[in-house]
There are 2 protein chains.
Amino acid sequence: MITRMSDLFLRTLRDDPADAEVPSHKLLVRAGYIRRSAPGVYAWLPLGLKVFRNVENLVRAEMDAMGAQEILLPALLPRDPYDATGRWTEYGPNLFRLKDRKGNDMLLGPTHEEIFTQLVKGEYSSYKDLPVILYQVQTKYRDEERPRAGLLRGREFVMKDSYSFDLDDDALQVSYDKHRAAYQRIFDRLGVEYVIVKATAGAMGGSRSEEFLAVCEVGEDTFVRSTESDYAANVEAVETIVPDALPIDGLPAAVSHETGDTPTIDSLVEWANATLDGEYTAADTLKNVMVKIRKPGGEWEITAIGVPGDREVDFKRLEASVEPSEVELLDESDFAKNPALVKGYIGPKGVQGAEFTYLVDPRVVDGTSWITGADEKGRHYVNLVVGRDFTPDGVIEAAQVRDGDPSPDGAGVLESAKGIEIGHIFQLGRKYTDAFELDVLGENGKPVRVTMGSYGLGVSRMVAVLAEQMHDEKGLRWPREVAPFDVHLVIANKDDAAIAGAHQLADLLDAAGLQVLLDDRKASPGVKFKDSELLGMPIVVVVGRGWANGTVEIRDRFTGEATEVAVDGAADAVVATVRG
Amino acid sequence: MITRMSDLFLRTLRDDPADAEVPSHKLLVRAGYIRRSAPGVYAWLPLGLKVFRNVENLVRAEMDAMGAQEILLPALLPRDPYDATGRWTEYGPNLFRLKDRKGNDMLLGPTHEEIFTQLVKGEYSSYKDLPVILYQVQTKYRDEERPRAGLLRGREFVMKDSYSFDLDDDALQVSYDKHRAAYQRIFDRLGVEYVIVKATAGAMGGSRSEEFLAVCEVGEDTFVRSTESDYAANVEAVETIVPDALPIDGLPAAVSHETGDTPTIDSLVEWANATLDGEYTAADTLKNVMVKIRKPGGEWEITAIGVPGDREVDFKRLEASVEPSEVELLDESDFAKNPALVKGYIGPKGVQGAEFTYLVDPRVVDGTSWITGADEKGRHYVNLVVGRDFTPDGVIEAAQVRDGDPSPDGAGVLESAKGIEIGHIFQLGRKYTDAFELDVLGENGKPVRVTMGSYGLGVSRMVAVLAEQMHDEKGLRWPREVAPFDVHLVIANKDDAAIAGAHQLADLLDAAGLQVLLDDRKASPGVKFKDSELLGMPIVVVVGRGWANGTVEIRDRFTGEATEVAVDGAADAVVATVRG
């Protein structure tokens with residue numbers, strides 16, 4: 001097919017849009033691929049839609065190849081199923097809710113576990129029907145608080161979501177692994193640079209879960225990876241290496257000291273170095289952060305989190321650890337109501353004496369000695385020993401993860417990087433099948449509760465991710481698998497014979513099955529070259545000055561390399577380059 | 001591709017669903033093509049989705065072929081543009097409205113004139129950019145009061161909507177004609193039986209408009225067509241043939257008669273035949289129906305509609321005639337406030353004497369004589385002559401259209417039929433470009449207000465229309481262009497060699513590029529045959545009893561014809577039948 005730029009619904013922009021901060025957003029707008037309709041809501045213009053469809057079809061092909069079956073559910077959904085699982089409420093303000101003309105509550109689907117579960121329950125009843133994997137490529141809605149970065153975090157977006165239904169955990173693992181492999185094939189074919197990180201399951205519930213993150217500076221997800229192995233994980237999912245317990249015998253006794261005005265770790269360390277023998281750092285202190293935690297439907301309960309003083313509590317890690325409970329820092333009124341908690345001087349004894357729960361970082365093992373609060377203004381304990389002077393009520397992953405921390409797999413140390421979530425695979429287990437009582441009759445004639453997996457892949461987001469990872473300072477660059485056109489043929493010569501020759505060349509490329517974008521506009525070569533760089537087709541062919549000498553130029557948009565080829569055989573050379 | 005029914009996510013149902021009334025709805029559910037998610041909201045299961053995508057791609061191909069460019073707008077839209085055109089209000093309860101987390105009003109797009117207009121205004125600025133035709137295949141939302149008949153009238157549905165932007169009326173006519181031709185090609189390729197009817201423009205505004213109606217008993221649209229020409233029109237759009245005026249000279253004088261208790265046409269005709277010379281019918285009386293009409297933003301104004309007594313006022317025709325004004329019948333309180341209007345005895349003189357507007361059917365021409373109300377209880381005029389005794393304030397198309405009425409094109413008479421709207425093409429003119437001030441710089445350097453067309457085609461509805469028009473008493477029947485599979489290969493022989501042979505045949509058909517549905521289930525031949533009839537692939541191939549004699553059977557689902565062919569060469573025979 002040949003598309004003439006003189007006809008194409010396209011206007012490229014010289015300037016970055018005012019609301020765009022990240023390169024992919026700027027370039028997709030400037031190159032006329034997308035336009036904003038509302039915050040976080042975009043229109044696809046012709047070039048953008050082509051990339052989007054190419055990504056969609058590539059995803060579809062790999063889903064079909066793994067034996068998944070495509071269906072399509074509505075986006076406008078009734079409230080009932082989401083009430084059954086509690087997600088009508090749990091989603092909070094992220095859910096678009098509306099009423100129909102009869103006053104019925106409805107929602108715009110953010111993800112479709114409920115509906116798929118109901119559907120399978122409606123159709124299937126026997127173990128012989130399983131396993132089954134169903135998927136859809138569908139428009140989703142989430143009322144993000146801060147839609148940002150164009151397509152990277154939108155409120156209306158397209159996902160491939162699939163759901164596996166299996167008889168038991170082993171079969172679920174097979175479905176999960178199939179998805180994992182299919183996602184790898186998809187991202188490899190797209191040429192995305194990505195990592196697979198262990199993830200927490202978030203609001204989805206369930207046990208095992210991994211995220212596919214496109215490595216990208218502008219990403220919102222921080223992850224860590226080992227410098228020496230292929231270990232990678234979401235910061236929330238990093239498990240601290242637990243040191244061995246130390247012998248308690250022979251440790252000096254705990255002593256309560258008057259430490260003066262030392263409500264901060266810095267001031268406490270300063271006091272210790274000035275007063276005690278030896279050299280002390282923040283790592284020798286035990287910091288106690290007061291929070292309150294509430295189970296769904298429960299009451300707030302006060303809890304102290306004890307972490308080595310050289311680390312902050314990472315609230316996202318804390319939240320992930322207590323999920324589905326909520327967690328908040330204690331506020332002034334909480335402290336006012338609990339005078340046993342002396343701000344700046346809180347210690348394990350005061351916390352447990354007041355019958356609050358005391359959870360500690362996994363590094364706070366038996367036999368470790370700490371400088372920590374003595375629960376009186378201006379006083380701290382020195383040599384307070386775990387397992388002798390106090391026993392925590394449990395451990396919790398809440399301390400920050402730092403570059404240089406040992407990698408949990410024992411190989412190398414961690415370094416952090418930024419990523420964009422492009423896929424997420426979950427072993428949901430029976431959360432949804434329990435909610436809807438999805439059983440099938442087992443081989444032994446008894447009902448079996450089905451186990452589920454849920455697998456998401458961002459289709460519209462992928463367009464932005466590719467733009468983000470592959471662009472250069474001149475503009476977009478599309479891999480051939482998803483480029484809107486195989487070849488951008490630029491007429492940069494006003495000579496009638498050259499123009500006719502360019503059209504002939506376009507016809508030959510079209511006949512060879514290539515998608516050709518022909519710049520036949522009455523514009524200067526400079527304007528055309530700039531646009532070809534901005535638009536980013538992988539191969540640019542220029543019918544320009546060389547025409548007089550019987551040559552055309554083939555430019556590789558990725559390498560920047562330009563080759564002169566003879567007009568005779570130019571079509572073959574272009575085809576070879578494209579297919580190469 | 002080969003799809004095995006043992007794997008396919010499908011359950012066929014023996015019984016009609018309780019909520020289904022029309023054949024297409026019953027069969028699409030029974031055959032496992034669709035499932036209901038909420039009133040008027042459906043999920044597409046694998047087979048249904050294939051038909052839907054096939055229709056979509058056929059429509060897309062024809063749109064591309066006519067030079068339209070595909071884009072994709074969001075379904076979730078801001079309120080502002082729909083306020084600018086008044087449609088935020090005009091759509092009434094048919095519009096799904098919602099608020100986002102920040103309290104902004106949003107809507108689910110029912111149709112996208114506003115957004116396309118804004119988009120073109122944003123990108124284009126010169127006459128050189130026009131004409132342009134843009135289209136999308138997109139999910140639309142309308143909160144129908146009575147969603148019905150499955151996919152035929154849903155609340156979430158998929159349309160191809162396109163919009164043309166032209167410099168002047170002639171160019172708009174070209175864009176309009178292109179669409180008209182493309183729609184004809186699409187419906188012809190699909191094999192739909194349809195008519196093109198003149199239509200009123202409805203809430204879209206604008207001048208010229210035609211509807212494509214699939215001829216179908218279960219349709220909601222009544223249309224009329226000529227028995228002798230290809231004239232067809234929506235009932236609302238039928239223009240009455242106006243008779244010539246008659247000479248007034250020599251007509252007998254009007255006389256007011258005491259007619260007794262004669263508030264109905266029947267009782268009046270009875271009185272006339274009993275009292276006057278000659279034979280009278282309802283057609284000799286002039287019935288005056290009292291309504292009130294309100295312009296948008298205006299006050300209710302009382303109007304009388306005078307129609308020959310043998311015809312009712314057709315309220316839909318009346319509404320179409322006064323649009324965008326609203327119209328209602330006078331109620332008791334209106335009569336109470338206007339004692340000049342004597343119910344059952346209202347006549348032209350009373351109406352005009354009270355200074356109400358008096359509009360008449362086009363047949364009520366000068367020189368016609370009528371028996372009509374004399375505005376006193378129990379009294380009527382006889383021989384009240386138009387143009388002598390009263391002069392109407394205007395004419396209005398409001399009387400019912402009846403089978404046997406002369407066709408407006410002068411050829412034959414009208415007969416009515418039912419249809420389903422499958423396409424609608426409009427010359428919108430400048431309603432939307434005025435609202436958004438969409439101008440381009442003309443060739444002479446002066447701004448030109450762009451003129452628009454709007455063109456809709458129901459993609460999801462088409463699936464139901466095809467089911468409706470093509471099914472038989474046994475089940476669905478799909479034309480090859482959109483069938484989920486080319487061939488349904490039924491294994492109806494338990495012999496291992498036959499089963500192996502069927503799989504080999506499937507492989508050969510697959511290799512020939514056919515889409516094969518292979519019924520490899522452990523079910524009886526009877527169950528399989530019933531399912532193959534219900535599912536409706538155009539060609540069914542049976543590997544059955546004949547296998548022992550070296551034959552397989554090829555059945556044509558449309559004609560019912562069955563042919564035995566030799567196993568050797570069966571694949572070629574099937575391919576030839578499919579492609580034939």
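Q: How much area do domain 1 of chain A and domain 3 of chain A bury between them?
A: About 1200 Å², and 65% of it is on carbon and sulfur atoms. Keep in mind that this is a predicted model.

Q: Which elements of domain 1 touch domain 3 there?
A: Strand S1 (2-4) and helix H1 (23-30) of chain A each give two or more residues to that side of domain 1. The largest share comes from S1(A), with 3 residues.

Q: And what is that side of domain 1 like by class?
A: The side of domain 1 of chain A that touches domain 3 of chain A has 9 nonpolar, 3 polar and 2 charged residues.

Q: How many residues of each domain are in contact?
A: 14 residues of domain 1 of chain A meet 15 residues of domain 3 of chain A. The centres of these two domains are separated by 38 Å, taken over C-alpha atoms.

Q: Back up a bit. Where do the domains of chain A run?
A: Domain 1 covers 2-238 + 416-468, domain 2 covers 255-395, and domain 3 covers 487-579.

Q: How many helices and strands does chain A have?
A: 15 helices and 30 strands. The C-alpha atoms of chain A fill a box of roughly 95 × 70 × 45 Å along the principal axes.

Q: What percentage of chain A counts as buried?
A: 55% of its 580 residues. Also, take the contacts in chain A with a separation of 6 or more: residues 24 or more positions apart account for 70% of them.

Q: Now the two chains. What do chain A and chain B bury between them?
A: About 4500 Å², with 58% of that on carbon and sulfur atoms. In chain A, A:Phe9, A:Arg101 and A:Glu123 lose the most area to chain B. Together they make up 19% of what that side buries.

Q: How many residues does each chain put into the contact?
A: Chain A gives 51 residues and chain B gives 51 residues. By class, the chain A side has 31 nonpolar, 4 polar and 16 charged residues.

Q: How many salt bridges are there between chain A and chain B?
A: The count is 8. One joins the side chains of A:Asp100 and B:Arg155, at 3.0 Å from N to O.

Q: Switching to single residues. Is B:His380 buried or exposed?
A: Buried, because its relative accessibility is 3%, and the cut-off for buried is under 20%. B:His380 is in strand S20 (residues 379-385) of chain B.

Q: Which side chains make polar contacts with B:His380?
A: B:Thr259 at 3.0 Å, and B:Thr262 at 3.5 Å. Beyond four places in sequence, B:His380 also touches other residues, including B:Val255, B:Leu268, B:Tyr345 and B:Ile371.

Q: What about A:Glu553, buried or exposed?
A: A:Glu553 counts as buried because its relative accessible area is 17%. This residue belongs to strand S29 (residues 551-556) of chain A. The side chain of A:Glu553 makes a polar contact of 2.3 Å with the side chain of A:Arg555.

Q: What else is A:Glu553 in contact with?
A: Leaving aside neighbours within four places in sequence, the list is A:Val540, A:Val541, A:Val542, A:Ala562, A:Thr563 and A:Glu564.

Q: And where is B:Ile34?
A: In strand S2 (residues 34-38) of chain B. B:Ile34 is buried, at 0% relative accessibility. Its contacts outside four places in sequence include B:Leu28, B:Tyr42, B:Trp44 and B:Leu151.

Q: How far is B:Ile34 from B:Asp249?
A: 69 Å in space, C-alpha to C-alpha, and 215 residues in sequence.

Q: Last one, a helix. How many residues of H5 in chain B are buried?
A: 8 of its 11, so helix H5 (residues 113-123) is mostly covered, given that buried means under 20% relative accessible area. Among the buried ones are B:Glu113, B:Phe116, B:Val120 and B:Glu123.

Methods. Residues are numbered from 1 along each chain as its sequence is written. Chains are lettered from A and ligands numbered from 1 in the order in which they are written. This is a predicted model: local features need pLDDT of at least 70, side-chain atom pairs count only at pLDDT 80 or more; totals for chains, interfaces and linings use all residues. Side-chain values use heavy atoms; hydrogens and water are left out. Helices (H or I, at least four residues) and strands (E, at least two) are DSSP runs, numbered from the N terminus. Buried means under 20% relative accessible area, exposed over 50%, partly exposed in between (1.4 Å probe, protein chains only). Contact means heavy atoms within 4.5 Å. Domain bounds come from an automatic or database domain assignment. Buried area is the accessible area (1.4 Å probe) that two parts lose on being put together, summed over both. Ala, Val, Leu, Ile, Met, Phe, Trp, Tyr, Cys and Pro count as nonpolar, Asp, Glu, Lys and Arg as charged, and the others, Gly among them, as polar. A salt bridge is a side-chain nitrogen of Lys or Arg within 4 Å of a carboxyl oxygen of Asp or Glu. A polar contact is a pair of N or O atoms within 3.5 Å; within protein, one must be able to donate a hydrogen and the other to accept it, and residues adjacent in sequence count only if both atoms are side-chain atoms.
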